[in-house]
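Here is a short briefing to read alongside the sequence and the 3D view.

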Amino acid sequence: MSVIAFAKNWNGKFKSSTHELVSYSKKLASDLSSCLIVVSIGEVAEEELKSLGKFGADKIISVNDPKMNILTSRVYAEVLAKIAEKESVKLLVLSDNNSGKAIAPRVSVKMKAGLVASVQELPTSLDPFIVKKRVFSGKAFRYVQIDSSVKIITIAKNCFGIVENPVESVIEEFIPEVDTELFKVQVIEEEEQKNKVILSDADVVISAGRGMRSPDNWGPVEDLAEVLNAATACSRPVSDEGWRGHEEHVGQTGKVIAPNLYIAAGISGAIQHVAGISRSKCIVAINTDPEAPIFGIADYGIVGDAMEILPRLTEAFRNSKS
Ligand SMILES: Cc1cc2nc3c(=O)[nH]c(=O)nc-3n(C[C@H](O)[C@H](O)[C@H](O)COP(=O)(O)OP(=O)(O)OC[C@H]3O[C@@H](n4cnc5c(N)ncnc54)[C@H](O)[C@@H]3O)c2cc1C
């Protein structure tokens, strides 16, 4: 069973989530005694494509078409399905990010392929093909068997890690014929937010809740985020009150994130909040109440006033950096 991984690029560059995707797919391909084909769509320089060889991409199919520089899910799904058919690929792996979520279901319909989203680890069995995913906002796991001949999975961030497995990649250019109808609705321009780390991609997130008491008290949160090159986030009441924008709200009804470090200041740790952050690698909680539920899931806890502790952390990190 050969394996394809879809490597999304951002302005011609791959991110650490792509490296994790390739690492995971390589291990899966090895377990299936198969080679790994990585598909890149849009213009990416040869050097950047080759960098995926470090993580085990045996063959890279590059659809180096400027018309496809901006992701259009209908077009990307068509291209992926065409390549999968051409290469007789039976297993497609995508990241469980916005692009994976947009493309995978479309490919699944086109190829009549079973799809499981947000897989947490390598398959527990290859034959039958069984994968594990989280359900009920992370309160339980489900094991799902895919029986269709073509299978698709999307993998959760930080489910495997980045593993170097250097190979000499072969790069193949391929421009498939795509139905012009599919280009009828196109994103013509994308503008990236400047001077701000994007929450869903961030390795470090500084998050704060109602314990900060007022929107005027967010200075220490932003200062720490700046020193650590981190994104800022918040609990739902904070965004409901309009203290912070809804794009920062994490949890069951907000964004689900999995950074390497999540610092929660003045957040009680309600189950609906934890549902969005529990896959973080390391959770640090700052709370005045030693009985706050957040300490139950935190790796490190600081009992104290966030308004005092955040500036001290910022100062300590600043000093250690200089
Ligand atoms: C259907 C549903 C969906 C929901 N979805 C979400 C969701 O997606 N995300 C989400 O976050 N919530 C969600 N909620 C709300 C959730 O139940 C909690 O009410 C919310 O997470 C609490 O936010 P908080 O921790 O900021 O505030 P609080 O519960 O008010 O906690 C504030 C915390 O700050 C501490 N504190 C006070 N002063 C200080 C200080 N000076 N320094 C340090 N600590 C201090 C307090 O001890 C307390 O633990 C949802 C609720 C429902 C019913």
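The points below are grouped by topic. Please keep in mind that this is a predicted model.

**Domains**
- Where the domains meet, seven residues of domain 1 are in contact with eight residues of domain 2.
- On the side of domain 1 that touches domain 2, you will find one nonpolar, four polar and two charged residues.

**Around the ligand**
- The ligand has 26 residues around it, and those that come nearest are G209, G211, S235, R236 and G251.
- Sorted by class, this shell holds 14 polar, eight nonpolar and four charged residues.
- At least two residues of the shell come from each of α6 (236–240), α7 (271–274), β13 (282–287) and α9 (306–321).
- The largest share, three residues, is supplied by α6.

**Helices α5 and α9**
- Helix α5 spans residues 219–227, and its axis comes within 9 Å of that of α9, with a crossing angle of roughly 20°.
- Angles under 35 degrees count as roughly parallel, so α5 and α9 are roughly parallel to each other.
- Their crossing is left-handed.
- From α5, the contact is made by P220, V221, D223, L224 and V227, which meet M307, L310, P311, L313, T314, F317 and R318 of α9.
- By class, the residues of this contact between α5 and α9 are nine nonpolar, one polar and two charged.

Conventions: Residues numbered from 1 in each chain as written. Predicted model: local features only at pLDDT ≥ 70, side-chain atom pairs only at ≥ 80, totals over all residues. Near = placed C-beta within 6 Å. Helix = DSSP H or I, 4+ residues; strand = E, 2+ residues; numbered from the N terminus. Nonpolar A, V, L, I, M, F, W, Y, C, P; charged D, E, K, R; others polar. Contact = placed C-beta atoms within 7 Å. Axes fitted to C-alpha atoms, helices over the stretch in contact; angles between N-to-C directions. Parallel < 35°, antiparallel > 145°, perpendicular 65-115°, else oblique. Left-handed = near helix turned anticlockwise from the far one by under 90°.
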